[in-house]
Amino acid sequence: MATEKHALVIVESPSKARTLQNVLGGEYHIAASVGHIRDLPKREMGVDTDHDFQVTYQISPDKKKVIAELKKAVKQADVVYLATDPDREGEAISWHLTEILDPTVPTYRLVFHEVTQEAIRHAFDEPRDIDMRLVRAQETRRILDRLVGYELSPLLWRKIAPRLSAGRVQSVAIRLVVERERARLKFKTSAWWDIAAKFATTQGETFTAALISAGGQRLVNGKDFDRTTGELKDGAEKLVWTQVEAVEWAEKLCGHDWRVTALEEKPSQSNPWPPFTTSTLQQEAYRKLRFSAKRTMQVAQRLYESGYITYMRTDSTSLSREALAAARGLIKQRFGPEYLPPKARIYKTKVKNAQEAHEAIRPAGSWFRDPGELTGLDKDMQRLYDLIYRRTLACQMAPARIRQTTAEITDDEAVFQATGKVVEFPGYLAAYQAGRDDGDGDDKTLPPLTEGEAVQCEGMEPKEHETKPPARYTEATLIKEMESLGIGRPSTYASIMDTIQRREYVVKQKGALVPTFIAVAVVRLMERYFTDLVDYQFTARMEDVLDEISRGEREALPYLQKFYFGHNGDQGLKDLLGNPIDSREVCTIRIGEGEDEVPVLVRVGRYGPYLEYGDVRTNLDLETPPAELSLEQALELIRKGGEYPKELGTDPATELPVLLKKGRYGFYLQLGDNDHKQKQKSLLPGMQPEEVNLDVALDILSLPRELGMHPETGEAVLADLGRYGPYLKSGSTNRRLPKGEDLLTIELERAVEILAKGGGRAGATVLRPVGQHPATGVDIVIKEGRYGPYITDGKTNVSLKKGEDPESVELADAVERLAAKAAQGPTKRRYPRRKKSGR
């Protein structure tokens, strides 16, 4: 490894800089750019479409101090190494650094996929120049994203609702979710009955079996129904029982004599899954750990930068020779030679257009650290590392040997079938078993059976079955579908999942991604007026083009011109934006008709979705699943909604009416009509509108309640209802009211106890604790400040983004934001200039 006297190495993040410093020692100066030092402007498009799509870059104001420090470090260096991440984004950061820092000393690009001594030594042995093909591909992607986002988003604001956004990949992801909801809406549930029997062998071992035929005729099963429509397939001439028939047959058959008349045993083999790529890691982390894609990538980033795993943005399933040797050595040592196949398994990447020529995600180094020995990591890092460690070992282990058994149990009239499997040799399953998507069945085992053996019926239970509509996507299955279609890349999946939820296109219900009616309206507009931009093949082809640019096989400018200006009669984005759009039509979804043949409609307006029935309108909950809103439900909501605003009575103190109203985010109380509105308060958490009478409403509207004086400080103790729920306040100390406590009845003594909990310096309302800092152990919390919510560790404060939900901020994200803010140094106060007095 080179040991220049004044060698400067620049990386993106402070945490990666610390790890690299530990590896390289004091002979190298390691500095961090803290991400991109410049980017496209925030408040303008920054792309000149009339002059060959020239790009205007701006230095972020919060990076000026970082740049000044980097320039100073460059002046003192004899050589500069750019060690940003090994992908297009990292290549672009390195290029921007050279453009801004303008080093006059030799400057090289270092590429390594793991922060280990061996990988870094190899990178120093083979430094290279910046690959401008990768830079151009990254810049082209940014231009395409900016053209779509900046040109289409304002159109959505005008035609549908403010604060919406369009995105090159985002809009396609939303369409996938909406199309799945449409499939659920069209689905017709079909029901059928059969019988589950419990049998016992002569040895007393029990097992269950399902009835497959009765009276010489086969019964229907799930395979006889169309998975798309839910209805019985044409030509499926089998028995479809009702409950009455199933009960009759169960009573009739239970006392019969039963024998095992057929027994089939098939040996089978199960091979291990490949090592993790970015998408499969996100999928498995969701299934096994319930991590969101964003959380998975944040934790993986920290593991990589701390030197525990290889680079986490990859679609490759290959492993290096040293990784194969490390895995095989551990397998032999931990499990025994019988778990080790004769030669290493080589996996070929099956993903369409695999872009990153990296390894799969695996433990870093030529020997893998045991998860049990990593005591210095936080819980999330430990759990994700353990998942990666076990998957990497399993992918090189022997296959599992499984015996699958099918038995038929009959009398003279009916046939039952029992299935099961026995794992004869676990192979790779000893190290790792993949998680299941919701709806996957459980594996059953059968006791030893012999053909001709008599078995005893211990009971029969009629069972109802229903066809189920296509399952809604989870983050894991949506990423899997996008990857299979060639849409998006490893670096984009997590941000897309985050964006479509933050923008209220999708809400998460029990892990499932449910589209809102806003999403339905946006997809209808895009499908009708910007068809290509939500076409799966067109979007995948755009990814192909970016890959071709990154390999130097295609020029960016002709493609950008074709995309924006059109080609050979096909309209480009510019012309499409000028076409007339019927916004009322795309924002109207017909539910059905009332008895008077008046249509019942969902309309999407500037303030969210609402139901319309003739002259009657009522707000619709944003989280209402479109496929589950039946005509009956819509009419009932309209009937109830017509009751609001509801006058509960008159406030005796002001003689103003007290109104119960329904808004976009639920019910709330208002003192005074719209012309003399004095005060508004939400209902208490969990409170139903039916529970609210005049007395309750006046209690809520009278908040804050003064409970008395604090016995230690002498300051008033108040109970109030804020933006994030009930809370207590005394002086500058604020505490959220714990669940189970009643805001309207809590007394002073109990309030003082709650205020005393949590310790630390008194200050703004604590909205939620985030967790402990993995390095310092300091508590990180989100507080409500004068200008909105912010993250703090007691020393550094970082405001949340506009509209960002405090509940969505993960610990890893908070740590990263605090580190980035701390690296900028203290904020300089600006004082107004004093005017010179005239004389």
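Okay, hi everyone. Some housekeeping: residues are numbered from 1 along each chain as its sequence is written, and side-chain values use heavy atoms, with hydrogens and water left out. Because the model is predicted, local features need pLDDT of at least 70 and side-chain atom pairs count only at pLDDT 80 or more, while totals for chains, interfaces and linings use all residues.

Let's start with helix α3, which covers residues 88-101. α3 has 14 residues and reaches 20 Å from its first C-alpha to its last, close to the 20 Å expected at 1.5 Å a residue. That expected span is 1.5 Å times one less than the number of residues.

How many of the residues of α3 are buried? It's 12 of 14, so this helix is mostly covered. Buried here means under 20% relative accessible area, exposed means over 50%, and partly exposed is in between, using a 1.4 Å probe and protein chains only. The buried ones include Trp95, His96 and Leu97.

Now, who does α3 pack against? One partner is helix α2, residues 64-75: the two axes come within 10 Å and cross at roughly 75 degrees. Therefore α2 and α3 are roughly perpendicular to each other. The contact is made by Ile67, Leu70, Lys71 and Val74 from α2, and by Leu97, Ile100 and Leu101 from α3. Contact, by the way, means heavy atoms within 4.5 Å. Sorted by class, that's six nonpolar residues, no polar ones and one charged. For the classes, Ala, Val, Leu, Ile, Met, Phe, Trp, Tyr, Cys and Pro count as nonpolar, Asp, Glu, Lys and Arg as charged, and the others, Gly among them, as polar.

A word on those axes: they are lines fitted to C-alpha atoms, for helices over the stretch in contact, and the angles run from 0 to 180 degrees between N-to-C directions. Under 35 degrees counts as roughly parallel, over 145 as roughly antiparallel, 65 to 115 as roughly perpendicular, and the rest as oblique.

Just past the end of α3 sits Asp102, with a positive phi of about 45 degrees although it isn't a glycine. Asp102 lies in the loop between α3 and β8 (107-109). Buried or exposed? Asp102 is exposed, at a relative accessible area of 56%.

There's another one like that: Glu597 has a phi near 65 degrees, also positive in a residue other than glycine. Glu597 is in the loop between β18 (588-593) and β19 (599-605), and with 60% relative accessibility it counts as exposed.

Helix α10 (residues 321-334) and helix α11 (residues 379-394) pack at an angle of about 90 degrees, with axes 9 Å apart. That makes α10 roughly perpendicular to α11. On the α10 side we find Ala327, Leu330, Ile331 and Arg334, and these meet Tyr389, Thr392 and Leu393 of α11. The residues of this contact split into five nonpolar, one polar and one charged.

Quick stop at helix α9, residues 293-305. Here 13 of 13 residues are buried, and Gly307 follows the helix with a positive phi near 85 degrees.

Which peptide bond is cis? The one from Leu703 to Pro704, with omega near 5 degrees. Pro704 is in the loop between α20 (694-701) and β26 (705-709).

Last stop, two residues in strands. Thr792 belongs to strand β32 (residues 788-792) and is buried, with a relative accessible area of 6%. A polar atom of the Thr792 side chain lies 3.0 Å from the backbone nitrogen of Gly794, and one lies 3.3 Å from the backbone oxygen of Thr796. Leaving aside neighbours within four places in sequence, Thr792 is in contact with residues including Asp779, Asn797 and Leu818.

Glu264, on the other hand, is in strand β12 (residues 258-270) and is partly exposed, at 42% relative accessible area. Glu264 and Thr406 are 142 residues apart in sequence, yet 5.2 Å apart in space, C-alpha to C-alpha. Not counting residues up to four places away in sequence, Glu264 touches Gln404, Thr405 and Thr406.

Methods. Helices (H or I, at least four residues) and strands (E, at least two) are DSSP runs, numbered from the N terminus. A polar contact is a pair of N or O atoms within 3.5 Å; within protein, one must be able to donate a hydrogen and the other to accept it, and residues adjacent in sequence count only if both atoms are side-chain atoms.
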